[in-house]
Amino acid sequence: MKKWTASRAPAGRVAYVNGRYLPHTGAGVHIEDRSLQLGDGIYEVAGISNGRLIDEEPHLDRLERSLREIGMAMPMERAALKLVMREMVRRNRVRDGLLYMQVSRGAVRRDHPIPDIVPRPTLIMTARAQDVEAGRKKLREGIAVITRPDQRWARRDIKTVQLLPNLLAKTDARKAGAYEAWLVDGEGFVTEGASTNAWIVDADNHVITRQLSHDILPGVTRRVILEAAAAAGQPIAERKFTVAEALKAREAFLTSATGAAIPVVKIDGTLIGDGMPGPLTRRVHMLYAQKAGIE
Ligand code: PLP
């Protein structure tokens with residue numbers, strides 16, 4: 001296995017930590033940070049295309065909502081936050097890639113209850129390039145998913161840094177040669193992927209994705225697709241679907257800021273449709289790309 005250490009990050013990478021732009025190597029947070037000690041933090045991931053942040057406002061809307069749900073305010077004014085985000089893209093010279101933001105409740109003596117005297121929140125950002133050709137290959141050929149029980153907590157609509165169940169499922173997927181794990185609730189319905197929203201196209205060509213609730217993350221890509229589809233007259237049904245239904249689907253795909261709408265051509269080893277990316281997946285991807293202003 002190739003070893004990666006922070007000290008091997010590409011030369012010139014810059015991290016943002018509480019008001020300072022620092023060399024990625026050695027940039028860090030306080031040892032008593034509540035995100036590190038207790039998972040008491042929220043994060044966001046936005047795509048970067050052609051040096052421009054994608055879906056910036058909806059990502060900030062979701063960040064604000066996630067923070068509000070755990071009793072926190074935005075770490076700075078939205079306009080200032082945007083300046084830092086754009087500065088991170090610029091300083092890291094990212095053309096196509098991702099921007100990560102983490103906000104934690106801050107550093108304070110370790111104790112479970114939220115402290116009465118609220119510490120200064122910790123805000124960190126990192127940016128990195130993504131392999132554009134690898135992304136195009138996924139769109140051309142599709143990817144495989146496996147299914148796993150959804151072992152997460154009951155507020156999956158909040159984008160917290162507590163990702164253990166997600167990363168364990170994703171690791172199982174990678175070990176099985178798949179790209180993603182679709183998580184399944186106690187009644188056999190797919191909730192979403194470990195880091196993506198899940199979609200199918202049924203025999204009647206209905207595009208289906210699970211309705212919003214505490215059970216899934218309100219994906220920004222999902223939201224933008226629904227808006228773009230409504231504007232283009234493409235109906236989308238928001239309802240739950242079972243694994244059995246997904247296995248019989250004409251098409252399946254998943255969505256996230258990291259890859260827009262990626263065709264799913266295999267679920268637990270079963271080919272979906274003819275095993276090739278389908279026309280409705282391509283249409284949804286195109287509607288999204290047009291609306292988000294990417295290639
Ligand atoms: N669901 C989960 C659990 C996620 O972690 C993500 C993205 O990180 C998504 C869905 C997709 O959301 P978005 O489209 O905002 O990237």
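Colleague: Which residue with a positive phi follows H3?
Modeller: This is a predicted model. Helix H3 covers residues 78-91. After H3 comes a residue whose phi is positive, near 50 degrees, and that residue is Arg93.

Colleague: How far apart are the end C-alpha atoms of helix H3, and what should its 14 residues span?
Modeller: The expected span is 1.5 Å times one less than the number of residues. For the 14 residues of H3 this gives 20 Å, and the end C-alpha atoms agree with it, being apart by 20 Å.

Colleague: Which residues of H3 are buried?
Modeller: Buried means under 20% relative accessible area. An α-helix has 3.6 residues a turn, so residues three or four places apart point the same way. In H3 the buried residues are Leu81, Lys82, Val84, Met85, Glu87, Met88 and Val89.

Colleague: Which element gives the most to the largest nonpolar core?
Modeller: This core has 24 residues, and Leu63, Leu81, Met85, Leu99 and Met125 have the most contacts inside it. At least two residues each come from strand E3 (41-49), helix H2 (56-69), H3, strand E5 (97-104) and strand E6 (122-129). The element that gives the most, with five residues, is H3.

Colleague: Leaving aside neighbours within four places in sequence, what is Leu99 in contact with?
Modeller: Leu99 is one of the residues with the most contacts inside the largest nonpolar core. With neighbours within four places in sequence left aside, its contacts are Glu44, Val45, Ala46, Ile48, Leu53, Met85, Met88, Met125, Thr126 and Ala127.

Colleague: Is the aromatic pair of Tyr16 and Tyr21 stacked or edge-to-face?
Modeller: The structure holds three aromatic pairs, and one of them joins Tyr16 and Tyr21 at 5.3 Å centre to centre. Planes over 60 degrees apart count as edge-to-face. The planes of Tyr16 and Tyr21 are at 65 degrees, so the pair is edge-to-face.

Colleague: What is the radius of gyration of the chain?
Modeller: The chain has eight helices and 15 strands. For 295 residues the globule rule gives 19 Å, and the chain comes close to that, so it is as compact as a globular protein of that length. Its radius of gyration is 19 Å.

Methods. Residues numbered from 1 in each chain as written. Predicted model: local features only at pLDDT ≥ 70, side-chain atom pairs only at ≥ 80, totals over all residues. Heavy atoms only, no water. Phe/Tyr/Trp six-rings, centres within 6.5 Å; stacked < 30°, edge-to-face > 60°. Helix = DSSP H or I, 4+ residues; strand = E, 2+ residues; numbered from the N terminus. Buried < 20%, exposed > 50% of the residue type's maximum accessible area, 1.4 Å probe, protein only. Core = buried A, V, L, I, M, F, W, Y, C linked by side-chain atoms within 4.5 Å. Contact = heavy atoms within 4.5 Å. Rg over C-alpha atoms; globule rule 2.2 N^0.38 Å.
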